[in-house]
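This briefing walks through selected features of one structure, grouped by topic. Please keep the sequence and the model at hand while reading.

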Amino acid sequence: MEQGAPAGGSAGAAGAAPAAVAPVVVVEEEEEREGCAGLWELPVERCERRPECSRCGRPQKVCLCPFLPVHPLKVSTCLYIIQHPAEESRVLRTVPLLVACLPPDKCKVLIGRRFSEDRYPELATVCRNPNTLILYPGAEATNLEEIALMPSSPSVMIIIDGTWSQAKDIFYKNSLFRLPKQVQLKTNISSQYVIRTQPTNTCLSTLECAAVALTIMEKNKSIQETILRPLQALCSFQLQHGAQIHHSKEHLLKNGMYDKPMPKNKRKLRRMELLARDLQPHLQGDNH
């Protein structure tokens, strides 16, 4: 068997001296370091946030307080807004406008994904209260209008703030939210939140849901008009400064305008297929 040479050596004489390694000088790196030397001495510019309004949460230059009620609305219903953490970082949010329209003790915001009885004892007490409702559509949900006709109307409502997938995750993975009576809004109004894409034409923003729900619960139509006013102003301002109107996915599919690639995620793809299937009767009706 032929034996190989020792690692790192050659098949030469055992006493041969190893070859000298010439030093390598990287001229480019030295020149780059010399060229950047002055940059380290430059002062660092701090990125400061624009001053925000303490009431509406908007930058002071585009404050929406002129469109808010002078005084918080007097309502007997208390809202608990369960907000997904991703919503907190969005620039164009509706919950701060809702909070600004109502008294602090009538609109409470809790941020998170999971809500246990140990960590949220107050919320657990609210969920176990027979006068508490949770606004989430579904086969088991009762129309809110029917509940409002009862002699003693419920005094607390829970609303989940997030995308539809985020809201679904929060609703089904928190056992506390299965305790209150589930209700939904039976309305055909289209969302005025036109600077954000909705799944269907009748999907409403959190602020719009709260406005409609409070109008029904309080039996006062002026509540809806008052709460929607700052949302209308927000959308108008954004459209005037370059924003585009966002049609719902339902509208885009129905009119053959959905030009984005279909999602690769199987669940998202399934939702899109179901939405397209549900629209088929409408598409056939429009063709006649």
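Lys 219 lies in the loop between helix H7 (206–218) and helix H8 (221–240), and the model in which it is seen here is a predicted one. The protein has 10 helices and 6 strands, and buried residues make up 35% of its 288 residues.

**Lys 219 and the end of H7**

- Just after H7, Lys 219 takes a positive phi of about 55°, and this residue is not a glycine.
- Most residues other than glycine have a negative phi.
- With a relative accessible area of 57%, Lys 219 is exposed, because that value is over the 50% cut-off.

**Helix H7**

- The 13 residues of H7 should span 18 Å at 1.5 Å a residue, and the end C-alpha atoms of the helix are 18 Å apart, which agrees with that expectation.
- Of the 13 residues of H7, 12 are buried, so the helix is largely enclosed by the rest of the structure.
- The buried residues of H7 include Leu 207, Val 212, Leu 214, Ile 216 and Met 217, and Glu 208, Thr 206 and Thr 215 are also among them.
- The elements against which the buried residues of H7 pack include the strands E1 (78–83), E3 (132–135) and E5, and the helices H3, H5 (144–148) and H8 are also among these partners.

**Ile 159 in strand E5**

- Ile 159 is placed in strand E5, which covers residues 156–161.
- Its relative accessible area is 2%, and Ile 159 is therefore buried, as this lies under the 20% cut-off.
- Leaving aside residues up to four places away in sequence, Ile 159 touches Leu 79, Tyr 80, Ile 81, Ile 82, Leu 135, Thr 206 and Ala 210.
- Two of these contacts, Thr 206 and Ala 210, are listed among the buried residues of H7.
- Ile 159 and Ile 82 are 77 residues apart in sequence, while their C-alpha atoms are 6.1 Å apart in space.
- Across the protein, residues 24 or more positions apart account for 72% of the contacts with a separation of 6 or more.

**Gln 166 in helix H6**

- Gln 166 sits in helix H6, which covers residues 164–172.
- At 15% relative accessibility, Gln 166 counts as buried, because the value is under 20%.
- When residues up to four places away in sequence are not counted, the contacts of Gln 166 are His 84, Ala 86 and Glu 87.

**Salt bridges**

- The structure holds 5 salt bridges.
- One of them joins the side chains of Lys 108 and Glu 122, at 3.3 Å from N to O.
- That pair links distant parts of the chain, with Lys 108 in strand E2 (residues 107–111) and Glu 122 in helix H4 (residues 121–128), 14 residues apart.
- Both partners count as partly exposed, Lys 108 at 30% relative accessibility and Glu 122 at 47%.
- The side chains of Arg 128 and Glu 117 meet in a salt bridge as well, at 2.8 Å from N to O.
- This pair also links distant parts of the chain, Arg 128 being in helix H4 and Glu 117 in the loop between E2 and H4, 11 residues apart.
- Glu 117 counts as partly exposed, at 39% relative accessibility.
- Asp 169 forms a salt bridge with Lys 173, and the closest N and O atoms of the pair are 3.2 Å apart.
- Salt bridges that share partners join Asp 169, Lys 173 and Arg 114 into one network.

**Surface**

- The protein exposes about 19100 Å², and carbon and sulfur atoms supply 53% of that area.
- Val 99, Val 109 and Ile 111 make a nonpolar surface patch of about 180 Å².
- Val 99 belongs to helix H3 (residues 95–101), and at 32% relative accessibility it counts as partly exposed.
- Helix H3, in which Val 99 is placed, is also one of the elements that the buried residues of H7 pack against.

Terms used. Residues are numbered from 1 along each chain as its sequence is written. This is a predicted model: local features need pLDDT of at least 70, side-chain atom pairs count only at pLDDT 80 or more; totals for chains, interfaces and linings use all residues. Side-chain values use heavy atoms; hydrogens and water are left out. Helices (H or I, at least four residues) and strands (E, at least two) are DSSP runs, numbered from the N terminus. Buried means under 20% relative accessible area, exposed over 50%, partly exposed in between (1.4 Å probe, protein chains only). Contact means heavy atoms within 4.5 Å. Patches are made of residues with over 30% relative accessible area and no salt bridge: like charges are joined within 9 Å, nonpolar side chains (Val, Leu, Ile, Met, Phe, Trp, Tyr) within 5 Å. Accessible areas come from the Shrake-Rupley method with a 1.4 Å probe; for residues, only the protein chains shown count as cover. A salt bridge is a side-chain nitrogen of Lys or Arg within 4 Å of a carboxyl oxygen of Asp or Glu. The expected span of a helix is 1.5 Å times one less than its number of residues.
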